[in-house]
Structures are given as C-alpha cells and as structure tokens.
Amino acid sequence: MAMKILDHLEEWLIAFLIAAATGLIFIAVLHRYALDLSAKTPLLSGVYDTLFKINLSWAQELCIFMFVWMAKFGAAYGVRTGIHVGVDVLINRLPDKFRFGFILFALGAGALFTGVIGTFGTIFVFDLAHTDQTSPDMELPMWIVYLAIPCGSYLMCFRFLQVAWGFLRTGELPPHDAAHVEGVEEVALPQAGTAPAGVRT
C-alpha cells in the first residue's frame, strides 16, 4: 500500500511539474507577444500600459526550477519503470549466470552512485540553508531549489535497490514497451486478408 502511494505521488509530481511549467511558459510567451504587438499599435496603447504592469520576469526562473525537480524525479521514475536508455547488447549475449551478475552489479553501482550524490547533496543543502542566498528574480531561498538533489537522488537510489531486489527474486527487470502509451488501450488490428469488423466482403 505504501509503495503504491509513493508511486502515485511520484507520477503526480512529475505530471504536475510538466503541466505547470508548460502552462507558465505559454502564458509568458503570450504575454511578451501581446506586449510587443500592443507597443507597435497606437490604438492599443491602453492595453500596453495594462500588460506592462504585469511582471512575469520570474516565470523563466520558476520554469527552470520546475524542470530541475521534474528531471530528478523523472530519473527515479525511469529506473522504476525500466525506461532508462541502456546499451545491453553484450550483456544479453552472456550466459545466464554472468548476465545475472553483471545486471546486479550495474544496479548496485547505480544505487551506490545515487546514494553518494544524495549524501553530498544533503550536506550541500544543509550548508546552503545557513546562508542568505536567494534566487535573482523570485528571491526564493536557494536551499529549497537545491533540495531537488538529495530528494531526487535518494529516491533514485531506492528505486535502484527496489529493482535489484525484484531482479534477485524473479530474475526479471521492469518490462517496458516503448510503443505503449499509459492510459491508452491497445486495439487489435485485423489480420492480413480479413475485412474489418462491420465491413461485408
């Protein structure tokens, strides 16, 4: 139950960050376009004055921060679902016992690396929290921005260990079909030489 909650929180956070960043970028671009258009059109001088008062200089900075958080948690999601890019041509040609060992070694190395990054990130964020550093536009404390490093790295480390444990028990890695889209049902295509349903021949 707890794992399902964690999985859903991970997916919801990534989806929210993507949607929010995309929407914010769209609004900022639309605002700049409308501001430029109204500045070149004398009849829209009143619109220009209104738009000029709307300050969206912080939008780009916020989008960058959201994409950083999305990338860190998206990497953890990629480990869990098996969608990370990997060159496994040689590994798949090895005998089963060697293949098993190499895969466990790779997963363990991934867990170790992300665990180390998470630890160094925690130390860095702790030191940064005792300073007055803020972001240029939003004046957001920078330790909140860099908190993505330990949070995302530790989650990624946990996902590596989770996949390694599942592989140790079942001998299988998370399946991933690149052609499958989550939430879209597959429709069986008619066999060659047969007519689609409802069509008389």
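**Surface and ring pairs**

Modeller: Leu-44 is partly exposed, at 31% relative accessible area (buried is under 20%, exposed over 50%, partly exposed in between; 1.4 Å probe, protein chains only). This is a predicted model, where local features need pLDDT of at least 70, side-chain atom pairs count only at pLDDT 80 or more, and totals for chains, interfaces and linings use all residues. Residues are numbered from 1 along each chain as its sequence is written, and side-chain values use heavy atoms, with hydrogens and water left out.

Biologist: Where is Leu-44 found?
Modeller: In the loop between helix H1 (2-40) and helix H2 (45-52); helices are DSSP runs of H or I, at least four residues, numbered from the N terminus.

Biologist: Switching topic, how many aromatic pairs are there?
Modeller: The whole structure has 3, meaning rings of Phe, Tyr and Trp (its six-membered ring) with centres within 6.5 Å; planes under 30 degrees apart are stacked, over 60 edge-to-face, the rest tilted. Trp-69 and Phe-73 are a stacked one, with 5.8 Å between centres and 10° between planes.

Biologist: Which helix holds Trp-69 and Phe-73?
Modeller: Both are in helix H3 (residues 59-81), 4 residues apart, about one turn of the helix. Trp-69 and Phe-73 are both buried.

Biologist: What about Phe-100 and Phe-167?
Modeller: Their ring centres are 4.8 Å apart and the planes at 25°, so that pair is stacked. Phe-100 is in helix H5 (residues 96-129) and Phe-167 in helix H7, so the pair ties together parts 67 residues apart in sequence.

Biologist: Is Phe-167 buried or exposed?
Modeller: Buried, at 1% relative accessibility, whereas Phe-100 is partly exposed at 30%.

Note on methods:
Helices (H or I, at least four residues) and strands (E, at least two) are DSSP runs, numbered from the N terminus.
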